Amino acid sequence: MKALIKSFFIVPMMVVGIALLGSCGPTPLSGKPGSSGKTLELMVVAKNSVFDGFTKLVIDSVFASPQDGLNQPEPRYDVVQIAPSTFESNSMFQSHRNILMLDVDPQGVNKVYLERNKWASPQTVIRIAAVDKHSLDSMLISQSDRLLKEYYSMEYARMAKVFGQTPNVKLMNRIKERYGFTLTLPEEFTMAKMEDSFTWVRKEAKDFSLHVYISTAPVSSDEVYSEAYILDNLDTLMKHYVPGPTDGSYQGTERRDYFYTKEAEIDGIKAVEVRGLWRTYGDFMGGPFVCYTFPSPDGNQVVTLVGCVYSPSQRSKMVMKRDLLMQVDGICHSFKVN
């Protein structure tokens, strides 16, 4: 566990420093309007002369590259560029949830500034100041993981805020009574199954369905945090608890495709994140999933949270699987210990 879960956001030597301004977290601030913007949308504030050429290629490679674990290519973020003069003159743009400001000044310094809730709440504003384009591009590349982490954190905060406005209190209380922790679940979710140490909640819509699985088990060894063990455990859980639509069919991981495993954090607890595809053995259903595995606060249990999406492309061409996956991902990140 310790070998896999380690810090990997390292500030390069060329960056003078990272200044954190404002509040230390994405909590609502009194007097600030609610932030705007579509799910997984990034507003880049930069002059055309700064945004063009290699810098645009770097931005696209970081934010517009395909989202891991989807069965069709969809970008991590929709990137929208706007000129600083236009941004400064319109409060509508300033209320956007995710803002990246790029500034090149030969008389300045190389530095990254992070500010929460500057014009709206929740909001993340990151400004990268550089003395030239080469330095700007180098910082964008070296800080790419951290930039993604900060903006994804804001997406999770936004999801929790939205879901918390119309919560399914009864369902949340049942989970709290069973496990001793809470997940923020919107009212559209219902209980599909609660047996032993496994719980399945879901949302059934016209063109898609969302599923969240919760499981706990005693910690047997550090092997429970390896990708191989996590996938085998998922297959065992889904085969036993999640039947398919036809006799003898059941859900499992799609082993013919790639899986993407990395370090993550759930409520301040280091976790292992695995993304990939699931399929129904004995039938034709499938889709993306994200799984988080981490120790309980007392260290005696291993907690598994899984979010699955089923969205047949021919039925929901206007709904991006990326956005649906972010909803169940946001539920997993709403995990709170009482």
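**Aromatic rings and their surroundings**

Tyr 152 and Tyr 156 are both buried, where buried means under 20% relative accessible area, exposed over 50% and partly exposed in between, with a 1.4 Å probe and protein chains only. The model is a predicted one, in which local features need pLDDT of at least 70 and side-chain atom pairs count only at pLDDT 80 or more, while totals for chains, interfaces and linings use all residues. Residues are numbered from 1 along each chain as its sequence is written, and side-chain values use heavy atoms, with hydrogens and water left out.

Tyr 152 and Tyr 156 are four residues apart in helix α6, and therefore separated by about one helical turn; helices (H or I, at least four residues) and strands (E, at least two) are DSSP runs, numbered from the N terminus. Rings of Phe, Tyr and Trp (its six-membered ring) pair if their centres lie within 6.5 Å, and planes under 30 degrees apart count as stacked, over 60 as edge-to-face and the rest as tilted. By this rule the count comes to 14 aromatic pairs. In one of them, Phe 63 and Tyr 151 have ring centres 6.0 Å apart and planes at 70°, so the pair is edge-to-face. Because Phe 63 lies in helix α2 and Tyr 151 in helix α6 (residues 144-165), this pair ties together parts that are 88 residues apart in sequence. Phe 63 is buried at a relative accessible area of 1%, and Tyr 151 is buried at 0%. The rings of Tyr 152 and Tyr 156, with centres 6.4 Å apart and planes at 20°, are stacked. Ring pairs link Phe 63, Tyr 77, Tyr 151, Tyr 152 and Tyr 156 into a cluster.

Helix α2 (residues 54-63) also packs with helix α5 (residues 133-142), at an angle of about 5° and with the axes 10 Å apart. The two helices are therefore roughly parallel to each other, since angles under 35 degrees count as roughly parallel, over 145 as roughly antiparallel, 65 to 115 as roughly perpendicular and the rest as oblique. Contact, meaning heavy atoms within 4.5 Å, involves residues including Phe 54, Val 58 and Val 62 of α2 and Leu 136, Leu 140 and Ile 141 of α5.

Elsewhere, Thr 253 lies in strand β11 (residues 250-253) and, at 0% relative accessibility, counts as buried. Leaving aside neighbours within four places in sequence, Thr 253 is in contact with residues among them Leu 231, Met 238, Phe 259, Trp 278 and Tyr 281.

Conventions: Axes are lines fitted to C-alpha atoms, for helices over the stretch in contact, and angles run from 0 to 180 degrees between N-to-C directions.
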